Protein chains: 2
Amino acid sequence: MNLDKFFKAKSIAIVGVSQNPSKVGHVIFRNLIDSGYKGDIFIINPNTKEILGYKSYKKIYDIKNEIDLAVIAVPVDLVFQVLEDCNKKRVKNIIIVTSGFKEIGNYQLENKIRNFLIQNKIDMIGVNCLGVLDTYTNVDTLFLPRFRLKRPPKGGISFISQSGAVGSTILDLAAKNDYGFSKFISYGNATQIDESDLMDYLINDKQTKVICMYIEGVVDGKKFIETAKKATRKKPVLVLKGGITEESNTATISHTGSLAGDAAIYKGVFKQTGIIQVSTMEEIFDYSKLLENSIKPKGRRIQVITNGGGFGIITTDSIIKNDLVLAELSDSSKKILKKNFPPIAQIHNPLDLLGDANTERYKLAIETCMNDSNIDIILVIALLQTPLVTVDIVDVITELNDIKKKPIIVVCTGGNFTQVLKDSLEENGVPTFTFPENAVKSIKSLVDYARK
Amino acid sequence: MNLDKFFKAKSIAIVGVSQNPSKVGHVIFRNLIDSGYKGDIFIINPNTKEILGYKSYKKIYDIKNEIDLAVIAVPVDLVFQVLEDCNKKRVKNIIIVTSGFKEIGNYQLENKIRNFLIQNKIDMIGVNCLGVLDTYTNVDTLFLPRFRLKRPPKGGISFISQSGAVGSTILDLAAKNDYGFSKFISYGNATQIDESDLMDYLINDKQTKVICMYIEGVVDGKKFIETAKKATRKKPVLVLKGGITEESNTATISHTGSLAGDAAIYKGVFKQTGIIQVSTMEEIFDYSKLLENSIKPKGRRIQVITNGGGFGIITTDSIIKNDLVLAELSDSSKKILKKNFPPIAQIHNPLDLLGDANTERYKLAIETCMNDSNIDIILVIALLQTPLVTVDIVDVITELNDIKKKPIIVVCTGGNFTQVLKDSLEENGVPTFTFPENAVKSIKSLVDYARK
């Protein structure tokens, strides 16, 4: 199954574009125009002649050009007819955003569609979905207005989501925080193309560095396990499993028609295949950012460097709770630090640079840890509120991080002044966190992935 | 012990104000001028005549006016002499920000200071601390420049922190997010005034609605238990305990000279006294905001209302994991909703208003739940990316929340467009969260407090 044309379509036809700007088909059309998409766009609406200056066709097969991808946004009772029209036009890649199928008990129509697709060798994402977004080609079928839902910049995270809302709101948050994404696919009921097909496609996608997934129910367990094993050998795969309690099972059926299944079985499958299971939406966000940007650590020994004693303590608690290890500074490192630090500084882990720490002290501490073979990961807590930490700390950390010898993760907690410097670090490829506990949990996912 | 003068001082003397603007004493002086503090400010530095237009005194007892509060920011070896000077001037309230005492093994000097304070009936916050901030009176002794660390607006959260950094960075974050604070106290080594004294003071402070604490070690266990029991009867008390692992114990000693003690014992004490123990910095933030703004729920039955099916599922999982209960809509509620909602809508919990939900549908759903005695708490997930949710959803939710019949908590996940509406809800007193899991955990703290 080659899904290239879903992301690299040179021509897209949208079937069911209303004149009404708040209707789904119209929003998709409008977004595609605004997205910067370079291919040809065609629209189908038998009741009008043109919309926004584009000729409206009665039927998709009235279009002379070849159509790489058709997006179907017509009411549910018209979907099958449109599918037949698409087949007549020999369209091989289709997204059906329309809902009203097995998620409300309408299994018959959904099965009829599936059989038709198989018979005619058509690949289809949907039904009951948002479709795809590719930040590199600007293919964008998300029927959410761009002013309400910003699209993130280009980057290495790809997201496969059974829920349109979970995935798309994360895109919107990512855009706000300037996290780069590659591809997003909301696949809804998985009528034909399922989560495993999509994961399989992303394994060899060069723009994808990290695969994130939100799954309610897996269609084919065996296929999922095989694909996941293959995927995690090449890149990290994060999964948020929705429907892990009995109470949410009813909800998954009426959402995407999936059986949520036994949470313990899923947990076992994720472990066995090397998938990192996250337990909150925030974790997808935190972990994927770190996994995308950080080099692999050699082990799980962390050295904490801080200018706030309380932060050192909270971070230590978090390291132990997450089954990670506090590194033990080598004797030669201790010697260097003792010689250069104020006499009241305690040379241990966490290494407290004290409230009067300046940028030079940070530089020496990080450099020393970089050269210490007892240390695998450097966690720098830089509270930028103190007067002697100068703004060139951004350059100092960036230069040390650019050596790519060990992962350096930075925690900066604070308001606007802090945020500006934190953003600069992020722009320079240094992963940062607001809270130490989130940083440590994310480091755990990095260690787990590196150990695989 | 009446600590009023620490927060309502009509005159403040700062001992140890350097001409150098990056030195601690100078920063405190400068901040106090800029804070809008209405009282008199005096500075003591024997080596200069004036700083920033203020006369500099040689000794505190050279000042003619009465001094309500003295802030000592001289080097450690001068502290005792200055203390004697303060006593000569009959100053009864002192903050010592200087460090270099028991946290580095200098027990002798710290004990000498304690004995002197007791003998002369002087109340002292410190040593090794940031002192206090009162957003109502603008007393502000935090030696962190105001452009680097913003002060939050007036509000109902007060924060007692053994760590200056943990507390002050939270203030800075709060300022950014526009969360209101009343008082902040960084008390460092607790040489004389300890965490229990401070908690005791806040019990009867009308501006304080929620007491938050970051504690490494408690000075007097029995006193703490008695005070905490008294406090939790009047308002919620949240504690983040630093040093809950063996590994962090060394760090607590070199930080504030405290023994972190056995984590299990602390856990028991918190439970017994009705304190809500949080496990991350983010939780302090989330829980205190909700506890400040929400009315008490009658029980723990939550109705989820959403326009994103996946969010309903994730939220349900989170509710069950947190030992809360999914409410069961009454028959009459079901009847109203069935009659007014599209036929494909499933009337259960979570109540999925579907992707085409408009503001009216939200209004009807929330109103129905408000009148349903099977429901204690209403959790509204409003994904504002969908075209039919109009911006007046802010007014609709605010009006319903203003009735104060049941707690309404709102989750809005997204980027800038979402943030604007989310901020409006917050300004109107509706507690909001970005992630459903954080909302549910915070609701748990509200339920726990209400059940007490």
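Entry 1. I note that the model is predicted.

Entry 2. I checked the span of helix 5 of chain A, residues 164-177. Its 14 residues reach 20 Å from the first C-alpha to the last, close to the 20 Å expected at 1.5 Å a residue. Just after this helix, I found A:Asp178 with a positive phi of about 65°.

Entry 3. I asked why helix 5 of chain A counts as largely enclosed by the rest of the structure. The reason is that 12 of its 14 residues are buried. Among the buried residues I listed A:Gly164, A:Ala165, A:Asp172 and A:Ala175.

Entry 4. I turned to helix 13 of chain A, residues 359-370, whose 12 residues reach 16 Å, close to the 16 Å expected. Its buried residues include A:Arg361, A:Tyr362, A:Ile366 and A:Met370. The cover over the buried residues of helix 13 includes helix 12 (331-340), helix 14 (393-402) and strand 17 (377-381) of chain A.

Entry 5. Which residues have the most contacts inside the largest nonpolar core? I found A:Ile443 and B:Ile443, in a core of 104 residues. Leaving aside residues up to four places away in sequence, A:Ile443 touches A:Leu290, A:Ile302, A:Leu324, A:Ile377, A:Leu379 and A:Ile409.

Entry 6. I recorded the division of chain A into domain 1 (1-129), domain 2 (149-293) and domain 3 (295-451). Taken over C-alpha atoms, the centres of domain 1 and domain 3 of chain A are 51 Å apart.

Note on methods. Residues are numbered from 1 along each chain as its sequence is written. Chains are lettered from A and ligands numbered from 1 in the order in which they are written. This is a predicted model: local features need pLDDT of at least 70, side-chain atom pairs count only at pLDDT 80 or more; totals for chains, interfaces and linings use all residues. Side-chain values use heavy atoms; hydrogens and water are left out. Domain bounds come from an automatic or database domain assignment. Helices (H or I, at least four residues) and strands (E, at least two) are DSSP runs, numbered from the N terminus. The expected span of a helix is 1.5 Å times one less than its number of residues. Buried means under 20% relative accessible area, exposed over 50%, partly exposed in between (1.4 Å probe, protein chains only). A nonpolar core is a set of buried Ala, Val, Leu, Ile, Met, Phe, Trp, Tyr and Cys residues joined through side-chain atoms within 4.5 Å. Contact means heavy atoms within 4.5 Å.
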